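Let's take a walk through this protein together. Have the sequence and the 3D view ready, and look for each part as we get to it.

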Amino acid sequence: MTKRSPLALAVLALLEEAPMHPYRMQQLIALRGKDRVVNVSQRASLYSTIERLARDGMVRIVEIERHGQRPERSIYEISDAGRVTARGWLSEMLSVPKHGFPDFHAALAHAPLLEPNEIAALLRTRRDTMAREVAELEKELEFVSAFLPRVVLLDAELIARTRAVELEFLCDALADLDSGAMTWSRQSLAALALSQETQHQYTPA
């Protein structure tokens, strides 16, 4: 069975609209701004996903398109099994939170490896990048919401809000770093680790 993924769901959703070839799928995902949530930068990944869906009977070739000297293009359509699978995936993805392991969270967990001034410089760079991204997203949303229904913008809206929350977090952390309210040293962290280890020691029965 094809493994659930954002790309596999995107393929099934597009084919629910109409039969099309993979290049058209890639174009529509980018045109609609869904490449923020679905990675289609590598066309090979798209083709391999479609091949797996076809192998499992969720999509099928309905036509081979030929235009002069251009390479043949396979036109795919969704099957009844694909429709059932897409609805099942969508229902689960919408209702059940999935907890991942983002790189940034992992980096924050190991931030004490660096000095406070080093962390501040790195977070300041990230803050500035995030501020530009949030401004661009909010501007774009304001523009497209004038002629597109909210239901097709929910993903972009969530991204914008999530980025805004992270931006607020970065500003708060930097304020404490700059004021000295948050600081550390190798010695203080070593003492903390030792005290925690001592507290959790026990004698086997």
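This is a predicted model: local features need pLDDT of at least 70, side-chain atom pairs count only at pLDDT 80 or more; totals for chains, interfaces and linings use all residues.

**A guided walk**

If you count up the aromatic pairs here, you get one. That pair is Phe-143 with Phe-147, arranged edge-to-face: the ring centres are 5.5 Å apart, and the planes make an angle of 80°.

Next, find helix 6, which covers residues 116–144 and contains Ala-135. With a relative accessible area of 45%, Ala-135 is partly exposed, because that label covers what lies between 20% and 50%. Now trace from Ala-135 to Pro-22: they sit 113 residues apart along the chain, and their C-alpha atoms are separated by 33 Å.

Pro-22 takes us to a meeting of two helices. In helix 2, Pro-22, Tyr-23, Met-25 and Gln-26 meet Arg-43, Leu-46, Tyr-47 and Ile-50 of helix 3. Sort the residues of this contact by class and you get six nonpolar, one polar and one charged. Helix 2 spans residues 22–31 and helix 3 spans residues 43–55; they pack at an angle of about 120°, with their axes 10 Å apart. Helix 2 and helix 3 are therefore oblique to each other, and the crossing is right-handed.

Over to another pair of helices. Helix 1 (residues 6–17) and helix 4 have axes that come within 10 Å and cross at roughly 125°. That angle makes helix 1 oblique to helix 4. Which hand does this crossing have? Helix 1 passes helix 4 in a left-handed crossing. On the helix 1 side, the contact uses Ala-8, Leu-9, Leu-12 and Glu-16, while helix 4 brings in Gly-82, Arg-83, Thr-85, Ala-86, Trp-89, Leu-90 and Met-93. By class, the contact of helix 1 with helix 4 has seven nonpolar, two polar and two charged residues.

Ser-79 lies in the loop between strand 2 (73–78) and helix 4 (80–95). Is Ser-79 buried or exposed? Its relative accessibility is 5%, so Ser-79 counts as buried. Leaving aside residues up to four places away in sequence, Ser-79 touches Gly-57, Met-58, Val-59 and Arg-60.

Key: Residues are numbered from 1 along each chain as its sequence is written. Side-chain values use heavy atoms; hydrogens and water are left out. Axes are lines fitted to C-alpha atoms, for helices over the stretch in contact, and angles run from 0 to 180 degrees between N-to-C directions. Helices (H or I, at least four residues) and strands (E, at least two) are DSSP runs, numbered from the N terminus. Angles under 35 degrees count as roughly parallel, over 145 as roughly antiparallel, 65 to 115 as roughly perpendicular and the rest as oblique. A crossing is left-handed if the near helix is turned anticlockwise from the far one by less than a right angle, and right-handed if clockwise. Contact means heavy atoms within 4.5 Å. Ala, Val, Leu, Ile, Met, Phe, Trp, Tyr, Cys and Pro count as nonpolar, Asp, Glu, Lys and Arg as charged, and the others, Gly among them, as polar. Buried means under 20% relative accessible area, exposed over 50%, partly exposed in between (1.4 Å probe, protein chains only). Rings of Phe, Tyr and Trp (its six-membered ring) pair if their centres lie within 6.5 Å; planes under 30 degrees apart count as stacked, over 60 as edge-to-face and the rest as tilted.
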